[in-house]
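User: Could you walk me through this structure with a few questions and answers?

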Amino acid sequence: MLIPHPLLGLRDSQEFTYLGDAALMDRPDPAGGNAEAAFTDYVFLRDNPAGVHRELWFHEQGDRSWLVVTRDTVTHEILGAELARDVKLNEEGAQ
Amino acid sequence: MTRLNGGLVDRGTTLSFAFNGKSYAGHPGDTLASALLANGVQLMGRSFKYHRPRGVFSAGSEEPNAMVELREGARQEPNTRATVTELYDGLIARSQNHLGPLNRDLLAMNDYFAPFFAAGFYYKTFMWPRAFWEKLYEPMIRGAAGLGRLSKQADPDAYDKGFLHCDLLVIGGGAAGLAAALTAGRAGAQVILADEDFRLGGRLLAESHTLDDAPATGWAASVAQELASLPNVRLMTRTTVFGVYDHGVYGAVERVADHLATPGPRVRQSLWRITAKRAVLAAGATERHIPFADNDRPGIMLAGAMRAYANRWATAPTRNAADPVAVFANNDDGHRTALDLMAKGVPVLGVIDPRPDAPRLGDYDLFAGGVIDGTKGRLGLSAIRITQDGRSSWHRCGALGVAGGWNPNVHLASHHRGRPVWEETLLAFVPGTGGPSGLFPAGAAAGKGSTAAALQSGMEAARKALAEIGIAATALSLPDAEDAPIRQAAFWHVPGKRRAWVDFQNDVTVKDIALAHKENMRPVEHLKRWTTLGMATDQGKTANISALAVMAELTDKTIPETGTTIFRPPYTGVSLSVLGGGDTGAHFRPKRLTPTHHWAEEQGAVFVEVGAWMRAQYFPRPGETHWRETVDREAKAVRAGVGLCDVTTLGKVDVQGADAGEFLNRLYSNMMGTLAVGKVRYGLMLREDGHAYDDGTCARLSEDHYVVTTTTANAGPVYRNMEFARQCLWPDLDVQVISTTDAWAQIAVAGPKSRALLERIVDEFDLSNAAFPFMACAEMTVCKGLRARLFRISFSGELAYEIAVPARYGQALMARLMEAGADLGVTPYGTEALGVLRIEKGHAAGAELNGQTTAQMLGLGRMVSQKKDSIGAIMSRREGLAADRRRLVGLTPVDPAATVTPGAHLFAEGAARSMATDQGWITSAAFSPHLGSSIGLGFLEDGETRMGEILVAANPLEGQETRLKVVSAHFIDPEGERLRD
């Protein structure tokens, strides 16, 4: 697989470590009501879609960026890759 | 040895080789199969199940029968196809799958029990009695099964792997592939042309065709020559592209030295990972056969293979030159075999063609509307029975070519769930849509099998593929070539009472398919597993479509309705050696050496692998006869004087930024932001699920600069998690992290005399207890100007320090400390003594931080701050974890001579040994030279309230039971006075 790194261009997936669903970036509010239930979902429950999936890859053998890669889990087509940091900051800016 | 005229073998050179101990001669350009045929050897092996005599069936990688054990000794390789084994001088091969000599195989009695070995035999027979499976059936089956034998020795050869990139990968070097490569090569594209054969040309080498009225082999050679002259084209013969992977990545194996007796200085095979922007699949087609009664005798082969042997290898398929050859064909193409053999002077009995209107294409006897429904010849074909117009007659026959039409090699096109589609005009599956993107089928692989169509489609595929990546390629002026239409009948097998083989290698017959149908194993997936069709090493390349046709006939459906076979990688077998690419033994993974490694080697250290690291385990001295003697000495030296241990392998992460303290507060369960500059604090990290994850120290070198350590095993993962937290969770924090594990050499200086030793190397630095107390840290210089970091931390429980210097000075520092401390009795110690010291002190390590334990269990529950959030804090309070009553305790044997065994489980005395009464387990143990007995650490229910209680440690695996006393985990200096001294 080749991953289009937003800074470094097409890179072989062997350079990356895979983590999983990009929802892991949305850590629940520890001070929120029912935090334990929210964390239980966050830690243990993942969607497993057949189709478009946003997921986290770490460029461990590269520039050490965490990326949010949008991938079709059926065809393995990669629809985009962004710096996770930018994604998170944009989300926070939007809120 | 008899050869026909012509051919592409070098008659000027003779190669000698041995088959089953007998010597023969061949020529360069031969395969083992062609050389054996040239020597009149038809019988090459035995079938898998019935041990039927078998001869060569094909002339390529689809071969089901002619498999041999190639080479001898450690290089012996079973199941090697003679049809693709290039002949070399001194080649040694043996036939396989027989007991006794090949011509008198004792296991051939299996053939008489054939009625018992029908489809589903294994599933039906060995189900009962159940107890017989392990003791009787399995050993019996394993004894009789398998084809060739492994050498059972280590592979002596080297393998390699590499990466290639190109604009266009052309898979197959026949007419279509050569046209594609030439089109792209002339356009200046970066081209790789890969072909499994050792000579480019594909079927052009096997046919008697002409191109522009000259032999097609000449055209192939001139194109190959032009391609070789182009700097942008890489020709890779002896290279099989075996799989298509995501995003245009292709796997290929290059057999660099398989055509040599030994590889010499070269690697034997290379694994290539080819990243291609586009690819042309010009893999050709595989001929299929027509099952009929007793169609598996040596001498019966594919008609196209027979042509290849005659035209390319100048070899007749018969044992005796006088024996006539027949052809059984349901299509015009098969008739060419008769014509080509006649042109070479081989006697031809005639062509048997079930089509009543079969054409006569030359001067041979034509049995139109006829079939073959019987054969004779125990070890090789001697006669065939032809039935025509209801009359049957036997005819002397030395070899028979069978032509049932051609199946496009769609394999790679179906690797990404691409489903082949049935093409009724071709009576074959062709690549469908939905296969790998960027892969363009061409030539016979796309169902365009005439030479003219193959050339044209190869060129067009290349132009189309290159246009997609912005490279314009001009059309070639193609040579005039044959363009015969495909005329064939949908005639799939000759019905009859005797066995008619469909899959030769796994001995699957038409009857087996009928039985599978009768037993309702009708979907193609069930058919395959019930009968083992297509499950042999050839993956049914010559069998699958014929089997589908038979099943379609039985179910009264069309072939596409019955199903399709799709293919997974690899196209042909790939050895595990080449997949490993040489990463075996010591090269399995890189080794990491500590900065003091070579010094430790000189001291005679014994090393142990810790992850990828090599660490000094202990340093034996002359006269020490047992490792325990050495380790006891080292541990005692630390507690009595001063010891040195390289602890560089612990992970080190540099954390800097205005928010560094806040960042660490969120990562560690305890408070780090409040740490004073110049101080160190022990820290515990949790996983987000609340379990203990990793421990280490945080040292605050300045307001915005921390250095944290991790365990050796978690150095990588912890750093990864820190980057995750920084980039994905809290990118708003002003903090940067970088791993500096390899940048700093770190040496533990431990023992009551450690201060005295360090005072001799520091440059004007006050090491007194008041100025540099327990848990202090500082940056300084040592040895007159060498930059260093000093941490007053202790893993052993003694007065101790860890000193870090830039990694390249690590070895020199170790030598200087040894020299400076000689009169103090300074002693290097390894990981073994390190372990003894930390168990004596009750410090947790990997066995206690195993991912299933919590802070409370470790006795560190109060470290999880309630004042702030940190990773894992919320989940650590959930009921299941918070209610866990197991606690870390120390354990000593009641009988001082007894041994504490890690892994043993703890029970109350007299309690049943069961899960319900299990009270905990032992995590670590060592012999304590200071207590004079074995000691251990473990987790025990309500451990902290049970001091002094006697328990039993049960180790049922070894039949051991040991009585232990529960004590504090801090065996040495429980008040911690020594390390504060």
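**Domains, sheets and the contact between chains**

The C-alpha centres of domain 3 and domain 5 of chain B lie 79 Å apart. Please keep in mind that this is a predicted model.

User: Happy to start there. Which residues make up domain 5 of chain B?

Analyst: The assignment gives chain B domains numbered up to domain 6, which covers 885-980. Domain 3 spans 289-404, while domain 5 is written as two segments. Those segments of domain 5 are 650-740 + 864-876.

User: Which strands stand at the edges of the parallel sheet in chain B?

Analyst: That open sheet has 5 strands, in the order S17-S24-S18-S19-S20. The twist from one strand to the next averages 20°. An edge strand has a single partner strand, so one side of it is left without a neighbour in the sheet. In this sheet of chain B, the edges are S17 (300-302) and S20 (366-368).

User: And inside that sheet, what is the bridge partner of B:Phe328 in S19(B)?

Analyst: Strands S18 (325-329) and S19 (348-353) of chain B pair in the parallel sense over 4 bridges. The bridge partner of B:Phe328 in S19(B) is B:Ile352.

User: What angle does the direction of helix H7 of chain B make with that of S18(B)?

Analyst: Two helices of chain B are worth looking at here. Helix H6 (303-311) packs on the sheet, touching S17, S18 and S24, and its direction makes about 90° with that of S17(B). Helix H7 (332-343) also packs on the sheet, touching S18, S19 and S24. For H7 of chain B against S18(B), the angle is about 165°.

User: Turning to chain A, how many bridges join S4 to S5?

Analyst: Chain A has an open sheet of 4 strands in the order S3-S4-S5-S6, with antiparallel pairing. S3 (17-21) and S6 (78-83) are its edge strands, and neighbouring strands are turned by 25° against each other on average, direction ignored. Within it, A:Val52 has A:Asp72 in S5(A) as its bridge partner. The number of bridges joining S4 (52-58) to S5 (66-72) of chain A is 7.

User: Which helix of chain B lies across strands of that chain A sheet?

Analyst: From chain A itself, helix H2 (84-94) lies across S4, S5 and S6, running at about 75° to S6(A). The helix from chain B lies across S3, S4 and S5 of chain A, at about 85° to S5(A). That helix is H17(B).

User: How many residues does H17(B) give to the side of chain B that touches chain A?

Analyst: In the contact, 17 residues of chain B meet 21 residues of chain A. The elements that give two or more residues to this side of chain B are H17 (715-729) and H21 (873-876). By class, this side has 7 nonpolar, 2 polar and 8 charged residues. H17(B) gives the most, and its count is 6.

User: One last helix: how far does H15 of chain B reach from its first C-alpha to its last?

Analyst: H15(B) covers 627-640 and has 14 residues. Its buried residues, including B:Val631 and B:Ala635, pack against elements of chain B, among them S33 (613-618) and H20 (831-841). The reach of H15(B) is close to the span expected at 1.5 Å a residue, and its value is 20 Å.

Conventions: Residues numbered from 1 in each chain as written. Chains lettered and ligands numbered in written order. Predicted model: local features only at pLDDT ≥ 70, side-chain atom pairs only at ≥ 80, totals over all residues. Contact = placed C-beta atoms within 7 Å. Nonpolar A, V, L, I, M, F, W, Y, C, P; charged D, E, K, R; others polar. Pairing = 2+ DSSP bridges. Axes fitted to C-alpha atoms, helices over the stretch in contact; angles between N-to-C directions. Domains from an automatic or database assignment. Expected span 1.5 Å × (residues − 1). Buried ≥ 20, exposed ≤ 12 C-beta atoms within 10 Å, placed from the backbone.
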